[in-house]
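Here are some short notes for a first look. Please read them with the model open beside you.

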Amino acid sequence: MVHNGIEYGDMQLIAEAYDVLKSVGKLSNEELRSVFAEWNKGELLSFLIEITADIFGIKDDKGEGYLVDKVLDKTGMKGTGKWTVQQAADLSVAAPTIASSLDARFLSGLKEERVEAAKVFKAGGFGDILTGQVVDKKQLIDDVRQALYASKICSYAQGMNLIRAKSIEKGWDLKLGELARIWKGGCIIRAVFLDWIKKAYDRNPDLANLLVDPEFAKEIIERQSAWRRVVCVAISSGISTPGMSSSLAYFDTYRRGRLPANLVQAQRDYFGAHTYERVDVEGSFHTEWFKIARQLKN
């Protein structure tokens, strides 16, 4: 089931790469076919990248142009992505890339509403693409490749952490490296990438997260600047990249030693007396925030 959830994330990330290259870079279908075919010779080598390149090259047999442009932008689903996200929530495992891919499918299903919304905002001077910025096409293609790869690492990290959590809950003692090997043998997410995941868990079977494997950490550090550029250009252009954006947020959250969660916990203690822990003293504490705040105002 979880590998289907990872598949949801993979497909969404590829679709976002396509959207940025087409909408910002103005790449034609033939150019897109060439780009994805080239990507399939390197680090992104996979079944999904291969079939994506094929799709861009197929002409419409019922009319002019390419078939991909005639396909309704409304994604179906059979429930495996939803089950993956539900399991992640039940086990308190963060899976934002997979969850965002599921949300993207939900929103794609609102085709009629989106068409009407587009009319409303267009009437207000808010078009489909917000800026007609000129970009270096070659640079954009390379940046998107790097952003796709970095986001992919985060998606797989989330999936593997979910499998580990379920394995611990059920006492299955699953070997994550062995799972990667099995997946590479015959499923939709099969990719050369899985070889590197297997090696990561072979190096350290107790690896807390793929992000902190030395090799994956090095690759993300090398690609994070391009990743940020892609998310920024997408945002400034009004193009939604929920998968890439949530993957980047996952990375930025996970890599920080201190988060603003201290404020959230203080708020919880303020309105619900949920208590909090301190960084300098062990134990559980509660503060009469309301009473003290009122005294300070008087």
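Which domains does the domain assignment of the protein give?

1. Domains. Start with the overall layout. The model is predicted. Its domain assignment gives domain 1, residues 1-257, and domain 2, residues 262-296. The centres of domain 1 and domain 2, taken over C-alpha atoms, are 39 Å apart.

2. A helix pair. Next, find helix H7, residues 137-170, and helix H9, residues 193-203. The two pack at an angle of about 50°, and 12 Å separate their axes. H7 is therefore oblique to H9. The crossing of H7 past H9 is right-handed.

3. The contact between them. Which residues of H7 and H9 make the contact? From H7 come Tyr149, Lys152, Ile153, Tyr156, Met160 and Arg164. From H9 come Phe193, Leu194, Trp196, Ile197 and Tyr201. By class, the residues of this contact are nine nonpolar and two charged, with no polar ones.

4. A residue to check in H7. Look at Asp143, which lies in helix H7. Is Asp143 buried or exposed? Its relative accessibility is 5%, so Asp143 counts as buried; the cut-off for buried is under 20%.

5. Partners of Asp143. What is Asp143 in contact with, leaving aside its neighbours within four places in sequence? The partners are Ala226, Arg229 and Val230. Please view these residues together with Asp143 in the model.

How values were computed: Residues are numbered from 1 along each chain as its sequence is written. This is a predicted model: local features need pLDDT of at least 70, side-chain atom pairs count only at pLDDT 80 or more; totals for chains, interfaces and linings use all residues. Side-chain values use heavy atoms; hydrogens and water are left out. Axes are lines fitted to C-alpha atoms, for helices over the stretch in contact, and angles run from 0 to 180 degrees between N-to-C directions. Helices (H or I, at least four residues) and strands (E, at least two) are DSSP runs, numbered from the N terminus. Angles under 35 degrees count as roughly parallel, over 145 as roughly antiparallel, 65 to 115 as roughly perpendicular and the rest as oblique. A crossing is left-handed if the near helix is turned anticlockwise from the far one by less than a right angle, and right-handed if clockwise. Contact means heavy atoms within 4.5 Å. Ala, Val, Leu, Ile, Met, Phe, Trp, Tyr, Cys and Pro count as nonpolar, Asp, Glu, Lys and Arg as charged, and the others, Gly among them, as polar. Domain bounds come from an automatic or database domain assignment. Buried means under 20% relative accessible area, exposed over 50%, partly exposed in between (1.4 Å probe, protein chains only).
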